[in-house]
Amino acid sequence: MTQMTFARAINSGLRKSLENDPKVILMGEDIGTLGGVFRVTDGLQKDFGKHRVVDTPLAESAIMGTAVGLAYRGYRPVVEIQFDGFVYPAFDQIVSQVAKIHYRTQGAVKMPITVRIPFGGGIGSPEHHSESPEAYFTHTSGLRVVSVSNPQDAHTMIQQAIASDDPVLFFEPKRRYHDKGEVDESIDPATALSMEKARVVAEGKDVTLVAYGPLVKTAKDAAVAAADEGVSVEVIDLRSLAPVDFATLEASVRKTGRLVITHEAGQSGGLGAEVATSITERCFYHLEAAPVRVTGFDVPYPYSKLESHHLPSLDRILDGVDRALGRPNSLSGLEG
Amino acid sequence: MFTDELGQGGIPAGGPGDSAGHHGGAGESLVQLITPGGERVSHPQYDAWVQDVSDEQLGFLYEDLVVIRRIDTEATALQRQGELGLWPPLLGQEAAQIGSARSLRDDDFVFSSYRENGVAYCRGVDLADIVKVWRGNASAGWDPYTVNMATPQIIIGAQTLHATGYAMGIQNDGADSVAITYFGDGATSEGDVNEAMVFAASFQSPVVFFCSNNHWAISEPVRLQSHIRIADRAAGFGIPSIRVDGNDVLAVMAATREALERARHGGGPTFIEAVTYRMGPHTTADDPTRYRDANELEDWAAKDPIARVKGLLERKGLLTGQFEARVAAKADAVARELRAGCITMPDPEPLDIFKHVYSTPNSWLDRQEDHYSRYLASFGDPAGAHSEEGAR
Ligand SMILES: Cc1ncc(C[n+]2csc(CCOP(=O)(O)OP(=O)(O)O)c2C)c(N)n1
Ligand SMILES: [Mg+2]
């Protein structure tokens, strides 16, 4: 076990993948000499060379499109998109090509591409640097989508994502990059908990609280605060956003009867809607209350002076927990 | 005089991307009217474009250069003091911004990147509004129509298409104004920029592509973006281009005036490559010592855009104590106004977050706003209501 930051844990996972598979190749803007704007790829170009860790020209569509070509040729590209808001020039290649080629070729051509995207807010950045675009991708058939919440998972799951023969969108919570945690680098990703599985990170019996990425920490803090008020919250780290591990969620909701889901992304058409509906379908008769969503607003990510309002905070999550429990809350007296 | 001293020279040959565009075409030469030493050198084609620039006007150009450098220094200081979240310095690129922006008419329209804050100053943007977005008080600092300049674009290259479309509108309207778009060397790799050139050439739209080649795109050197000189690319689109000494305010002015005149009179787009250098970090969050050589910085310090105009004024006997005092006083006043405007800027109200998403009411959002205002009201101390640690 070693103490390391989130960013370092990904770096070490990338290093292992580069060591273990000569077909793994990293591509992106400023990932080589600079080591990425968040230093996640620090030192990798020096150790693996310019042909394995490639500083590309400034063109996201081209990065993604050439990753497709490299995958055709048997490579396993790991693409870094510098910030969430810059994935859109590559959107066409991801949605129309990366996601569909396996289906189109009836399985003949694999697209083992990993797209790493630092996402989410909370770092006081200007426009386009704090977005949560995951729902565009969870809505796109053919893509696997995961998000990590802690250094150990980041280390293990990046290796699992790279090893996957399907394309994986890998969402990294940028505001947690500097958070430290214990990482066991000897864990074999092949036998570790699959990246498709959710994980119960705090056990509880009154409410199930589902979070992913940056908000897992906030959700865990909320559970501690709720315990002070005598409420027992079970926190689940979703980890895989597509497909969602509904079996784990269902088991929890059958026990608690109440569901709260939180994400930074806007509410409408978001992942919370999918989770709430699917859980309602699967265990309607176990639910004691309607599922509750605590999310960002349906607005473009706001300028930094207002971002603390947009981001689900500990108190907003607790307010959602109160709603699920029928305790007094900010919407008491309103219908639904 | 044609000179190559500002070229992408001295770059080692190597694998793909390591051989910096040294190849042929018009780009072999660089238009320069003032040498780094401050000598006015004549140019057969471009002298005519700045013949009318009087000594007095030269003095004002100098003042502009000094003032925007001061804006830049002050904004950088404000960022260091925690008053701004981020700032993209323009240090070293003053002449490219002043020479081009001072060539524009009021009814021309600018679509720039985040770095053209000196251009914004020339357009008459309020000083505090220039830093508003970097303070995090708004997504954009000003109303584009009041100064005929769109607010800075962060998505690399996107603005080149906007300028081209705006120019298509000018064309349809039968007007003689021009759209000008500013972007970096890195931006030329984006599809948007290339597609903008296709449209502009196809429709012969009145748009000027102003590429500030400052040699770096964050940590990536220009040779990674272009195997040939950037200006030479334009020919492939059927767009005339010029490679100009971007640290020479007069040469930039001449080149921009020529391009604007061509556009105004139905001659279509022009591509200007202003060869300059980013003397500072990419932004205040960047550490360029990780990727570039200090020697390079020294070479470019010797080509400083302000020093050479100062040298020219001196040669002309115009650099009097009185003149220098006037310029210094102006720079001081601007810096004071910028700082005061920045630190006294009112913070946005929480519910501003819901404003202007749509032009007419939206039922989804109205409901969210209603719920959030109830939520805020449920706190005795609303300040705690939105901290990550919580107030409960
Ligand atoms: C589409 C997109 N991709 C990536 C970025 C991140 N980014 C911001 S500035 C920059 C470099 C731009 O270089 P250049 O075009 O030369 O302009 P300069 O910053 O040198 O003025 C990059 C990669 C972005 N803002 N937008
Ligand atoms: Mg540049």
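Visitor: How far apart do the C-alpha centres of domain 1 of chain A and domain 2 of chain A lie?
Guide: Keep in mind that this is a predicted model. In it, the two C-alpha centres are 26 Å apart. Domain 1 of chain A covers 2-183, and domain 2 covers 199-325. Their contact draws on 26 residues from domain 1 and 23 residues from domain 2.

Visitor: What area is buried between domain 1 of chain A and domain 2 of chain A?
Guide: About 1900 Å², with carbon and sulfur atoms giving 52% of that.

Visitor: How many salt bridges are there between domain 1 of chain A and domain 2 of chain A?
Guide: To spot one, look for a side-chain nitrogen of Lys or Arg within 4 Å of a carboxyl oxygen of Asp or Glu. Here the count between the two domains is three.

Visitor: Which element gives the most to the side of domain 1 of chain A that touches domain 2 of chain A?
Guide: That's β6(A), with four residues. α6 (134-138), β6 (144-147) and α7 (151-163) of chain A each supply at least two residues to that side.

Visitor: How do the residues of that side of domain 1 of chain A divide into nonpolar, polar and charged?
Guide: You'd find nine nonpolar, eleven polar and six charged residues on the side of domain 1 that touches domain 2.

How values were computed. Residues are numbered from 1 along each chain as its sequence is written. Chains are lettered from A and ligands numbered from 1 in the order in which they are written. This is a predicted model: local features need pLDDT of at least 70, side-chain atom pairs count only at pLDDT 80 or more; totals for chains, interfaces and linings use all residues. Side-chain values use heavy atoms; hydrogens and water are left out. Domain bounds come from an automatic or database domain assignment. Contact means heavy atoms within 4.5 Å. Buried area is the accessible area (1.4 Å probe) that two parts lose on being put together, summed over both. Ala, Val, Leu, Ile, Met, Phe, Trp, Tyr, Cys and Pro count as nonpolar, Asp, Glu, Lys and Arg as charged, and the others, Gly among them, as polar.
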